[in-house]
Amino acid sequence: MSATEASLTANSYSPFSISPLWDKQRDFFLQKENRPHSHAQVSHYVTNHPSMANSYVQMVLGFWRDAKRKYPNANQPLCIIELGAGSGRFAYHFLQQFFEQFDAIAEATDRVCYIMSDVCEVTVQSWRRHEKFTLFVRQGRLDFACFDAESDISLKLQELNVTLEPNKIAYPP
């Protein structure tokens with residue numbers, strides 16, 4: 001291969017979703033017996049600690065304030081959807097911090113539902129059984145959904161037994 005050919009190959013762009021690595025990664029996370037997050041096979045600290053969660057809390061609270069002004073008559077909760085929630089560590093940190101701050105400024109009619117999603121049903125069911133999420137579920141502030149970003153267009157919430165569909169909810173998720 002010439003230097004020019006090598007340069008073109010190295011510098012050409014193609015989406016990760018058409019790379020052979022995409023299918024290998026997908027297969028890795030779909031293996032039912034494989035729990036990559038619980039066996040330190042997947043790095044997670046950089047995105048799953050309280051400081052990172054607090055940064056997202058601040059962004060979501062700002063979004064919520066703006067959405068309330070733009071949709072003053074919305075009679076639905078704001079849906080926060082985490083795609084590929086993995087181990088659930090980020091969600092746990094986020095939920096703790098978010099609702100502490102949200103409750104301090106929200107009006108009685110304001111509602112928010114955080115939705116943890118993943119392509120793997122086994123992962124979703126493990127979250128549903130986890131004791132750290134129980135209180136949020138009982139309060140109606142946390143729900144779960146299996147969601148495949150490659151093919152699904154709606155989310156079926158497993159606790160509320162409601163399906164979220166495009167253009168059918170008041171606040172943008």
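Trainee: How many of the five residues of strand S3 (residues 142-146) are buried?
Mentor: Strand S3 is mostly covered. Buried means under 20% relative accessible area, exposed over 50%, partly exposed in between (1.4 Å probe, protein chains only). Strands are DSSP runs of E with at least two residues, helices runs of H or I with at least four, both numbered from the N terminus. In S3, the number of buried residues is four.

Trainee: What kind of model is this?
Mentor: Residues are numbered from 1 along each chain as its sequence is written, and side-chain values use heavy atoms, with hydrogens and water left out. Local features need pLDDT of at least 70, side-chain atom pairs count only at pLDDT 80 or more, and totals for chains, interfaces and linings use all residues; this is a predicted model.

Trainee: Which residue of S3 stands opposite Met116?
Mentor: Start with the pairing, for which DSSP must find at least two bridges between two strands. Strand S2 (residues 112-118) and S3 pair over five bridges, in the parallel sense. Opposite Met116 stands Phe144.

Trainee: Which strands do the buried residues of helix H5 (residues 121-129) pack against?
Mentor: Those residues are Thr123, Val124, Ser126 and Trp127. They cover an arc of only 160° around the axis, so they sit on the same side of H5. The arc is taken from the directions from the helix axis to the C-beta atoms. Contact means heavy atoms within 4.5 Å, and the buried residues of H5 pack against S2 and S3.

Trainee: How far apart are the end C-alpha atoms of helix H3 (residues 50-70)?
Mentor: The expected span is 1.5 Å times one less than the number of residues. H3 has 21 residues, so it should span 30 Å. The model agrees, with its end C-alpha atoms apart by 30 Å.

Trainee: Why do the buried residues of H3 line one face?
Mentor: They are Ala53, Val57, Val60, Leu61, Trp64 and Ala67. An α-helix has 3.6 residues a turn, so residues three or four places apart point the same way. Down the axis of H3, its buried residues line one face because they fall within an arc of 130°.

Trainee: Which exposed residues lie on the face of H3 turned away from its buried side?
Mentor: Take the buried side first: its cover includes strand S1 (78-82) and helix H4 (89-105). The face turned away carries the exposed residues Ser51, Met59, Arg69 and Lys70.

Trainee: What percentage of the chain counts as buried?
Mentor: The chain has six helices and five strands. Their pattern along the sequence is α-α-α-β-α-β-α-α-β-β-β. Of the 173 residues, the buried part is 32%.
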